[in-house]
Amino acid sequence: MSVVIENIGQLVTFDPTEPDRPVRSGVALVIAEGRVAWVGDTAEAPAADTCIDAEGAAVIPGFVDSHSHLVFAGDRVDEFEARMAGRPYTAGGIRTTVAATRAASDDALRDRLRHLVAQARAQGTTTLEIKSGYGLTVADEARALRLAREVTDETTFLGAHVVPAEFAHDRAAYVDLVCGAMLAACAPHARFIDVFIDSGAFTVDEARRILTAGRDAGLGLRVHAGQLEADGGVALAVELGAASVDHCTFLTDDDVDLLAASARDGAGTVATLLPLVEFSTKQPYPDARRLLAAGVALAIASDCNPGSNFSSSMPLAVALAVRELGMTPLEALAAATRGGARALRRPDVGHLGVGARGDAVILDAPDYRHLASRPGVPLVRQVLVGGEATQ
Ligand code: NIG
Ligand code: FE
C-alpha cells in the first residue's frame, strides 16, 4: 500500500539528515508500507496506490505526546474551579482519582481511555505515552498498564505517583512494594518507569531506589520533577540517564547546566515542558529561552490527566509554548514532535524524513505557524498513521 500527498503548501519534515531545511515548499510526500518513502518536487512524484490532494495546506509530522495519564475514573473539575479561584495545586487530589479508579470496572476504564485517545488523535497526536499511577495496588497498576498497552506501545509504570492512603503511616513499606511485587507485575506491560518527585509524593532518595529497581528490571527511566519547587529530581534524572525529566517548571542554574551537559552526550535526558499544566494550575510558566540558550534538549507534551491538566491538545500546548514559554513557532513544533520522540527514544517518529513512520497531519491552514496564532481553532484536517487515514 502506498499513498502520495500532493499539492502540499508547506511541508515540515524535521528530517534529521537535513537539519538546515526543516520546512520545504513545492514538494510531495510518498508513504509506502507504512514508512516515508520519498519526499521531493511535486512534478517528479512517483505514482502511488492512492493520492491525497492537500489543496495547498501545511503538512506536519504527527505530534508525539510523551506524557499523559489516561487510565482513570472519576472527575475533578471541582478542583479545577477552585484553582481558578486561587486555591493552589497539590498532589493530594491524586488520591481522589485513585479511589474512583480502583472502584471502576475494566470496561469502564477501557471505554474512557479509548475515548480520550480518540480525542488526542483527532488533534493530531500519532504517538502517545500513557502512564499508570491511579491504581497503586499490584493488581490495579498492572490492570492500568494492560489497558494502556491495548492502545499504545509507549506505556510507563508510575506506581510511585503518591503514597496511597493505606500506607500513609508506613511509606517505606509502600516503596518496598513498588520495587518488589508491583514492579514484577507491571514490568512485562511497561517500557518505562516513572516517579513523581515532590514534597507531596516521593523524595529523591526514594526515587533513586525505585528508578534503580526499574532499570534493573529492564525499564527505561522517566521522572516528574520541579513541578512545584526545585526539588533535586533533575540531578537524579540526569545521573541515572533518564530519557526525560518532566515539568521542569522550577530549576536551579545547576539543573540547567546538568541538562545541557547531558544533551551534549547525544542520548541524554530531555527536559519535557508541560505548559498546559501551568495553564490549568496558574503556576508560573517555565522559561524555555533559558533552556534553549544553554543547549538543553526540549520536548513539549500534554500531561493530560484528571487533576493538574485535563487537556490533551498538542496544538494548544504549542500555542502556549510560543505565547508563554518564549519559543518560536518552529521551536515549539519541533519540541512537540521530534522532541517528544527523543524523550521516548523513538528515532522513527516525530519527523518525516525517508524511513520514518508515515505519521503526518494535514492542517486546515497554509502555514504551521497558524497552530500558534489561532489557538482553540480546529486546524487538524486529516491524520495519517503509518500512511493510513484515521478519520
Ligand atoms: O503530572 N504531578 C503528578 N502527576 C500529574 C498530576 C496528577 C493528578 O493531579 O491527578 C501531573 O501533573
Ligand atoms: Fe504527569
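This is a predicted model: local features need pLDDT of at least 70, side-chain atom pairs count only at pLDDT 80 or more; totals for chains, interfaces and linings use all residues.

Reader: Great! Which domains does the protein have?

Author: The domain assignment gives domain 1, made of 2–61 + 351–389, and domain 2, which covers 63–343. Their centres, taken over C-alpha atoms, are separated by 29 Å.

Reader: How many residues from each domain take part in the contact?

Author: Domain 1 gives 18 residues, and domain 2 also gives 18 residues.

Reader: Which elements of domain 1 give two or more residues to that side?

Author: Those are β7 (58–61), α13 (370–373) and β18 (380–385). The largest share, three residues, comes from β18.

Reader: And how do the residues on that side of domain 1 divide into nonpolar, polar and charged?

Author: There are 14 nonpolar residues, with two polar and two charged ones.

Reader: New topic! What surrounds ligand 1?

Author: A shell of 13 residues surrounds ligand 1, and the closest are Ile94, Phe196, Asn305, Gly307 and Ser308. By type, the shell has four nonpolar, eight polar and one charged.

Reader: Okay, now the annotations. Which residues does UniProt list for "binding site" together with His67?

Author: In an unreviewed entry, UniProt lists His67, His69, His224 and Asp303 under "binding site". They span 237 residues in sequence, yet no two of their C-alpha atoms are more than 12.3 Å apart, so they gather at one spot.

Reader: Nice. Where is His67 found?

Author: His67 sits in the loop between β8 (63–65) and α1 (77–84).

Reader: Is His67 buried or exposed, and why?

Author: His67 is buried, because 30 other C-beta atoms lie within 10 Å, and 20 or more is enough to count as buried. Leaving out residues up to four places away in sequence, His67 touches Glu129, Asp246, Thr272, Leu274, Ala301, Ser302 and Asp303.

Reader: What about His224: which strand does it lie in?

Author: His224 lies in strand β13, residues 220–225. His224 is buried too, with 31 other C-beta atoms within 10 Å.

Reader: Which residues does His224 touch?

Author: Not counting residues up to four places away in sequence, His224 touches Asp194, Val195, Phe196, Ile197, Asp246 and His247.

Reader: Where else does UniProt place a "binding site" feature?

Author: The unreviewed entry also places "binding site" at Tyr134, Asn305 and Gly307. These are spread over 174 residues of sequence but cluster in space, with a largest C-alpha distance of 11.3 Å.

Reader: Are Asn305 and Gly307 buried or exposed?

Author: Asn305 counts as buried, with 27 C-beta neighbours inside 10 Å. Gly307 is buried as well, with 24 other C-beta atoms within 10 Å.

Reader: Last one: what do Asn305 and Gly307 touch?

Author: Setting aside residues up to four places away in sequence, Asn305 touches Ser68, His69 and Phe310. With its neighbours within four places in sequence left out too, Gly307 is in contact with Arg76, Glu79, Gly93, Ile94 and Thr97.

How values were computed
Residues are numbered from 1 along each chain as its sequence is written. Chains are lettered from A and ligands numbered from 1 in the order in which they are written. Domain bounds come from an automatic or database domain assignment. Two residues are in contact if their C-beta atoms, placed from the backbone, lie within 7 Å. Helices (H or I, at least four residues) and strands (E, at least two) are DSSP runs, numbered from the N terminus. Ala, Val, Leu, Ile, Met, Phe, Trp, Tyr, Cys and Pro count as nonpolar, Asp, Glu, Lys and Arg as charged, and the others, Gly among them, as polar. A residue is near a molecule or strand if its C-beta atom, placed from the backbone, lies within 6 Å of it. UniProt positions are given in the numbering used here, feature names are shortened, and annotations may be inferred rather than shown by experiment. A residue is buried if 20 or more other C-beta atoms lie within 10 Å of its own, exposed if 12 or fewer, and partly exposed in between; C-beta atoms are placed from the backbone.
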